[in-house]
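Please look through the sequence and the structure below.

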Amino acid sequence: MFLTRSEYDRSVTSFSPEGRLFQVEYAVEAIKLGSTAIGISTSEGVVLGVEKRVGSVLMESSSIEKIVEVDSHIGAAMSGLTADARTMIDHARVEAQNHRFTYDEPIRVESCTQGVCDLALRFGEGGDSDDDEEGGDNGGGNVMSRPFGVALLVAGCDEDGPQLYHAEPSGTFFRYDAKAIGSGSEGAQAELQTAYHTSLTLPEAEQLCLRVLKQVMEEKLDAKNVQLASVTPAGGFKIYDDTRMRQAVDRLEGGGSTGADNDAATGDTANISAAPESALDAGASADDAAATPMDTSGGSGDGDGTTDV
């Protein structure tokens with residue numbers, strides 16, 4: 001007799017008869033309770049956008065960190081347990097600096113992501129003698145006894161251009177053109193599949209990211225409950241400040257009315273410019289009508305002239 005699911009899901013190292021690790025599946029479910037995070041890769045760079053859940057009016061939104069810097073050319077957005085994310089981000093930073101000090105070059109985005117996933121795979125190992133000797137931020141002696149309940153979107157630029165990777169609690173990672181994680185990931189991913197195209201520019205990717213977040217967020221989107229960041233080959237990793245966030249949100253909110261206002265202004269200008277000409281035509285028609293004797297028999301030519309007046 002096979003054991004029931006409740007008996008198999010107590011261990012992080014035991015497979016069920018169906019070949020499943022339930023603790024890893026539970027970690028994936030924990031990510032679906034986290035805030036929504038979106039990454040969009042373009043030829044000009046990568047844009048990261050996250051939802052910031054401000055639980056109280058007394059909470060400072062700036063203290064909520066959902067996008068962090070790993071290196072000057074790499075950043076990451078998180079969804080899930082923030083405490084677990086800090087452990088993975090610290091490990092990624094150590095990997096990046098060790099590579100830079102050893103090889104005198106920045107680490108590749110894929111290598112950095114692989115290093116994070118290697119750490120995610122170590123759950124359940126415990127601390128053996130080798131790990132205790134290593135110590136430090138590499139995870140030696142302090143390995144998690146459960147899978148990490150967080151997913152990361154790792155964005156960066158290297159010699160291969162802008163890249164976006166999704167790192168899962170199972171230790172697997174994939175490269176994406178656009179990816180959404182978190183509570184609104186299903187609806188956001190469906191919208192990204194519809195709206196994304198390879199010719200997107202960086203500003204267009206910013207607006208697409210905000211538009212998708214606006215659709216899946218429960219609260220009204222503003223500059224305080226969302227955060228954007230970008231990674232470009234020239235500028236590196238940059239988290240948008242308050243001023244730039246307000247400008248991006250204002251462009252999103254004013255996107256629909258700007259075109260209508262411009263059309264209305266164009267129409268008003270056309271009416272104003274056409275008014276003098278109409279007045280002149282009317283005056284000319286009136287002079288012609290006064291100079292030409294009116295045919296009381298109701299001729300069509302004079303009738304048209306009278307109608308124009």
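Thr232 lies in strand β9, which spans residues 226-232; strands are DSSP runs of E of at least two residues, and helices are runs of H or I of at least four, both numbered from the N terminus. This is a predicted model, where local features need pLDDT of at least 70 and side-chain atom pairs count only at pLDDT 80 or more, while totals for chains, interfaces and linings use all residues. Residues are numbered from 1 along each chain as its sequence is written, and side-chain values use heavy atoms, leaving out hydrogens and water.

**Thr232**
- Thr232 counts as buried because its relative accessibility is 18%; buried means under 20% relative accessible area, exposed over 50%, and partly exposed in between, with a 1.4 Å probe and protein chains only.
- Leaving aside residues up to four places away in sequence, Thr232 touches Glu44, Gly45, Cys157 and Leu202 (contact means heavy atoms within 4.5 Å).

**Helices α6 and α7**
- Helix α6 covers residues 185-195 and helix α7 residues 202-216.
- Their axes come within 9 Å and cross at roughly 145 degrees; axes are lines fitted to C-alpha atoms over the stretch in contact, and angles run from 0 to 180 degrees between N-to-C directions.
- On the α6 side, the contact is made by Gly187, Ala188, Glu191, Leu192 and Ala195.
- On the α7 side, Leu208, Arg211, Val212, Gln215 and Val216 take part.

**The chain**
- The chain has 10 helices and 10 strands.
- Of its 309 residues, 41% count as buried.
- Among contacts with a separation of 6 or more, 61% join residues 24 or more positions apart.
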